Amino acid sequence: MRIIFFGLGSIGARHARILKEHFSHEMYAFRSAKDALPNDLGIAEVSNWEEVEKIKPEIALIANPTSMHIETALKCARLGMHLFIEKPLSNSVDGVAELVQLCREKNLTCYTAYCLRFHPVINELKEYLRDKKILHVRAIVSSYLPNWRPGTDYKKSYSANAAQGGGVLLDLSHEFDYLEYLFGVLQDMKGWYGRVSNMTVDVEDAADVLMKTASGVPINLHMNFMSRLEERKVIIDFEGGYVIGDIRNNRVEWMDGDKKEEKTFTTTRDEYFKEQLEYFFANIGNAKIMNNLAESSALLNKILDFKKVK
């Protein structure tokens, strides 16, 4: 298939590299005039939409700043492309309804890339918790923004700027997605968010969110990208025991009654990114694909409601 990339930053470049190494698709990159240097992946470049129309890509992989996702997706959908959009779907609801209509009319697949659904820790938890009565969930994601993209000015990244769709609530929205995947539809999101350091220009760098699932499971989530203590884990209390999923360290620990065990995985980030791409290609045309436009737009609405912006 012919794939065109919009955005070859750290995530876009990772997708492109994995595609080159493990797949045989024809790849192009849309680069604007301000992209002074050619990409170092050997991907053919185009610089205007007339060239895009000549290529006739079948898939658009959209990994540019969050604030540009919907604008780019609409242009690609009008040209009949299936859409693979990096999370989050957007930083506002503007244009989302039009994109839903376009994809429906043209029978296009639109997938939002929440890759943690393919992480072995999340998969292990999904299976292990199948027959458990969940009592309470605590989740944390804590990181240090300057470490995210070495060699770049982190304050110029979209993560640090409100206008580009940054902030922990959207940029670390993997947490909301995997919590919904594991425990069911999230409801009643309440709490606090704010800018507590100089890590960002004008957007929140920390948040504490209380919520519950449709079945009544209470969830407590802390998220930040201003801490030197880097963590990504979820702690689940169930009747008779507990389980801890340490996503950062690829480890699951559980106690059920008096029995305590643990399991460690040797996976790499590339491996679960590759699984996600395989899933996407295998489900083009499947209306029930995970993280379809209906699912990801509903999650976006919840986050924006919590932030009280649309």
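Q: Over the face of which residue does Lys 126 lie?
A: A charge sits over a ring if NZ of Lys or CZ of Arg is within 6 Å of the ring centre and within 35 degrees of the ring normal. Lys 126 is placed 4.3 Å from the ring centre. The ring under Lys 126 belongs to Tyr 181.

Q: What pLDDT do local features need in this predicted model?
A: Residues are numbered from 1 along each chain as its sequence is written, and side-chain values use heavy atoms, leaving out hydrogens and water. The model is predicted, so totals for chains, interfaces and linings use all residues, side-chain atom pairs count only at pLDDT 80 or more, and local features need pLDDT of at least 70.

Q: Which ring does the charged end of Lys 132 sit over?
A: Here again a lysine charge sits over a ring. The distance to the ring centre is 4.3 Å. The ring is that of Tyr 128.

Q: What is the angle between the ring planes of Tyr 128 and Phe 238?
A: Rings of Phe, Tyr and Trp (its six-membered ring) pair if their centres lie within 6.5 Å; planes under 30 degrees apart count as stacked, over 60 as edge-to-face and the rest as tilted. The model holds 15 aromatic pairs. Phe 118 and Tyr 279 have ring centres 5.5 Å apart and planes at 55°, so they are tilted. Tyr 128 and Phe 238 have centres 6.0 Å apart and are edge-to-face, because their planes meet at 70°.

Q: How many residues apart in sequence are Tyr 128 and Phe 238?
A: Helices (H or I, at least four residues) and strands (E, at least two) are DSSP runs, numbered from the N terminus. Tyr 128 is in helix H5 and Phe 238 is in strand E11. The pair therefore ties together parts whose separation in residues is 110.

Q: Are Phe 118 and Tyr 279 buried or exposed?
A: Buried means under 20% relative accessible area, exposed over 50%, and partly exposed in between (1.4 Å probe, protein chains only). Phe 118 and Tyr 279 are both buried.

Q: What is the N to O distance between Asp 270 and Arg 17?
A: A salt bridge is a side-chain nitrogen of Lys or Arg within 4 Å of a carboxyl oxygen of Asp or Glu. The count is 24 salt bridges. Asp 270 in helix H8 and Arg 17 in helix H1 are 253 residues apart. Their side chains meet in a salt bridge with an N to O distance of 2.7 Å.

Q: Which residue forms a salt bridge with Glu 239?
A: The closest N and O atoms are 3.7 Å apart. Glu 239 is in the loop between strands E11 and E12, and its partner is in the loop between helix H5 and strand E7, so the pair ties together parts 106 residues apart. Both partners are exposed. The partner of Glu 239 is Lys 133.

Q: In which strand does Glu 262 lie?
A: Arg 251 and Glu 262 form a salt bridge, with their closest N and O atoms 3.2 Å apart. Arg 251 lies in strand E13, and the parts tied together are 11 residues apart in sequence, because Glu 262 lies in strand E14.

Q: How many residues are in the largest nonpolar core?
A: A nonpolar core is a set of buried Ala, Val, Leu, Ile, Met, Phe, Trp, Tyr and Cys residues joined through side-chain atoms within 4.5 Å. Leu 83, Leu 99, Phe 176 and Leu 179 touch the most other members. The number of residues in this core is 99.
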